[in-house]
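Student: I would like a close look at one part of this model. Please keep it brisk.

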Amino acid sequence: MKPAVLAGKLLRALLGLVLLVLGMAGFFTLAASYVEYPVVPSLAEGPGWLRGAFHVHTTRSDGRGTVEEVAAAAKAAGLRFVVLTDHNDFTPREPVFLDGVLLVPGVEISTAHGHLVAFGMQRPLEGVRPWMDGGEAEAAVEKAGGVSVLAHPVQERNPWRHEEAARRADGFELYSADTFFRDALRHPFSRLLPAVGASFSNPVHGVMLLVEPGPEPMARLLELERGKPRVALCSHDAHGLPRYEDVFRALAMYLPDTRELPGDARAAAELVVKGLARGGAVCAFRALGEPEGFALEGLSTGSREAHVGDVLTVRLPPGVGDQVRVEVRGAGRLRPDGRSVELVEEGSVQVEAWVRAPGRFFGTQWRPWLVPSPVRVLRTTPSPSGRGKG
């Protein structure tokens, strides 16, 4: 076959492939134009729970937007705070209100064993440097009085590989928007193309189509929880692709006990840090609905511990109907009523609310909606009278 003929056939084949991809993308664009959010309507009145973004990058490291652009995107999405975590940005910074949004300083340390997010430092970080030992990085955060969080700990590209530091860390990124995006890159036709196509007509739906939780992060979190209580966080890990505002509209971290921030930036940042660090915050894929009204009842006040034999009750926001189901992982068992969780063994349990959400085509699929931190389940011990728990 002559080179010119061969080149012509290859060009036609390539053109056909491009047209096929564009046609498929167009189909997902059309389907997305019929999708409406939220799935669960909000019936709450008055100011809602304080919401914000955790783990956000700017042009200080590998983000696409400036600090000012991130604040503007957060304001447009209705967020009140953003925890900035640029890679290896060790210059001490003060919290500040920008365009009405509280910017809380933090850092993502690139270590030899993975990435570690640190925020809420009471003292300057000492001895930190890029690609240092992961255990030493975690120890430096602890010495500075900060909160250490394992960033995307089971991500294929950058997993966490220091076991001792993993067991000492305060937090764990259970769901990561950046990890969802990177996973989609490995499945260009089944996951990435639908999301890209949907983004042309419905950008938030495009982000939500990337949400495909796997079992590995949950299993790892529950295994680490046996050692000590830790905070489960949803990480935006936002770099500007997808757009900041679209990711901010898709999910957020909520502080149930807080509706307003004080005017002083330092006091406001302290309130946000404490709210995230103590484990009472709730992650919500907010495109599906607002979380006000959600609670996990049956725990002692201020505690995320319970005992074998206890029964926890999931209180859902009003008006959810039958499009919501409770998911239980670990040391618990969902009772037939679909809202009560019996704790059946020592260990830890994760209880979440999932929603029947719009799928890739015109159907639906179940997606996580409300995600609290896990509960440690302790062994039942006899009381002095022979009844109850010790």
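Student: Which elements do the buried residues of α3 pack against?

Tutor: First, the ground rules. This is a predicted model, where local features need pLDDT of at least 70, side-chain atom pairs count only at pLDDT 80 or more, and totals for chains, interfaces and linings use all residues. Residues are numbered from 1 along each chain as its sequence is written, and side-chain values use heavy atoms, with hydrogens and water left out.

Now α3. The buried residues of α3 pack against β4 (101–111), β5 (114–119), β6 (147–150) and α4 (163–168). Helices (H or I, at least four residues) and strands (E, at least two) are DSSP runs, numbered from the N terminus. Helix α3 spans residues 134–143. Its buried residues are G134, G135, A137, E138, A140 and V141. Buried means under 20% relative accessible area, exposed over 50%, and partly exposed in between, with a 1.4 Å probe and protein chains only. An α-helix has 3.6 residues a turn, so residues three or four places apart point the same way.

Look at the two ends. At the start of α3, a side-chain oxygen of D133 comes to within 2.8 Å of the backbone nitrogen of G135. That is a polar contact: a pair of N or O atoms within 3.5 Å; within protein, one must be able to donate a hydrogen and the other to accept it, and residues adjacent in sequence count only if both atoms are side-chain atoms. After α3 comes G145, with a positive phi near 75°.

The buried ones are A177, D178, T179, F180, F181, D183 and A184. Their cover includes β7 (171–176), α6 (188–199), β8 (231–235) and α9 (244–250).

One of the elements packed against α3 is β4 (101–111). A269, in helix α10 (residues 265–277), touches L102 and V104, as well as P95, not counting residues up to four places away in sequence. Contact means heavy atoms within 4.5 Å. A269 is buried, at 7% relative accessible area. A269 and F97 are 172 residues apart in sequence, yet 9.7 Å apart in space, C-alpha to C-alpha.

For contrast, take Y34. Y34 sits in the loop between α1 (3–32) and β1 (50–56). Y34 is exposed, with a relative accessible area of 60%.
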